[in-house]
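Work through the exercises below with the sequence and the model in view, and try each task before you read its solution.

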Amino acid sequence: METMSVAVARRVALAAQGFADARPEAATRRHLKRVLSRVRLIQLDSVNVVARAHYAPLFSRLGSYDRSLIDEAAWSHSARRPRMLVEYWAHEASLVPVEDWPLLHSGAKRPGWWRNYAPIVERSPSLPEDILAVVKEFGPIGAGGIEREVAGESKRVKGPWWDRSEVKKVCEWLFGTGRLTTGTRRGFERLYDLPERVLPPEQLARRVDPEEGARELISRAASALGVATETDLRDYYRLGPEVTRQAVDELVEAGVLLPVRVDTWRSTAYRHAGARAPRRITGRALLCPFDPLIWERARTERLFDFRYRIEIYVPEPKRVHGYYVFPFLLDGELVARVDLKADRAAGLLRVQGAFAEPGVDLPRVAVELAGELRLMAAWLDLDGVAVGTRGDLAPALRAVTK
């Protein structure tokens, strides 16, 4: 079995995620395709403190790109520019290539949280068909519009999002089972549509058995991660342990995965046969909390010796680094982290806290980080960067952003 140092494993992982590729001067649809061929999926999240989560990983890899690139790829299509991405539950709510739709509906993935709404369908067996009929007539349409058409305004259940009506819950159930998908979005509101109006017919017609689906998904996870443990591979698409272990064994036998020993890792790792290890990684990037390079926190700690937790749900007095913290990647190492907020009213990207990792070259990190923050501010159409006082890196960073 091949033995690999953590430093080599780190370079393999970074190259697999696209951080060995130079940023283009002006990103195009071709560059978007290249990033998607690396990361395989992009997580969606409603938090908009800096930018929506699906925009940020592309900024990390492409620099200041036009966000309409991904909007058009995900939520519009034409004969000249077919849709590249579709929404489904992959890691979490995600954008995935349209060709992966059959894999995610192969039975390789266990039914998700929407299965809890199945009793509603059993009690009201006509409700799914009523919803589908409304979407067929009016779609793309939001859950509220569907609810008004199906239940009638007088029957609407009013309240916060966690007190949804049965209509909205069954919309989620239909989405989870693949009978509805997202046609487009209005702001961040999902507008449901029928899969046959969104996806190519050949992808809807393709049937994949669960074993093949698991092998394909684990192979994609391995390609995106470069080198990973079985639990890392399982987490990428949130597959179950038994189906993952079987898929890993079959891919090892086929030569797609190569077992390796990574120094300090307790578990056997698997390197994708196509993964490469550059001699060095250069460049810089700010990574949002939902970036696929770092979303598995235990793996992040194993690869980078960087303990990272998202503190959105932590009460403010107990937060260590801040509400929405971006790790800073510089030349293949995670060297700092910044708590960011886009203050759109003031036209500023606010650095509410800046923290350096032990032993880094503080002046250089501050200069490089300031450059990346200015680039992010311009990308977000903000006028500048304002650095607060929290964190050991804040004074040096403030000095070079004035």
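**Exercise 1.** Find how many disulfides the structure holds.

Solution. A disulfide is a pair of cysteine sulfur atoms within 2.5 Å, and the structure holds zero of them.

The model is predicted, so local features need pLDDT of at least 70 and side-chain atom pairs count only at pLDDT 80 or more, whereas totals for chains, interfaces and linings use all residues. Residues are numbered from 1 along each chain as its sequence is written, and side-chain values use heavy atoms, with hydrogens and water left out.

**Exercise 2.** Determine which residues touch the most other members of the largest nonpolar core.

Solution. Begin with the term: a nonpolar core is a set of buried Ala, Val, Leu, Ile, Met, Phe, Trp, Tyr and Cys residues joined through side-chain atoms within 4.5 Å. The largest one has 112 residues, and Ile131, Leu233 and Met376 touch the most other members. A second, separate core of 25 residues includes Leu287, Ile294, Phe304 and Tyr308.

**Exercise 3.** List the residues that Ile131 contacts, leaving aside neighbours within four places in sequence.

Solution. Contact means heavy atoms within 4.5 Å. By this rule, Ile131 is in contact with Ile146, Val150, Val167, Val170, Cys171, Leu174 and Leu180, once neighbours within four places in sequence are left aside.

Note on methods:
Buried < 20%, exposed > 50% of the residue type's maximum accessible area, 1.4 Å probe, protein only.
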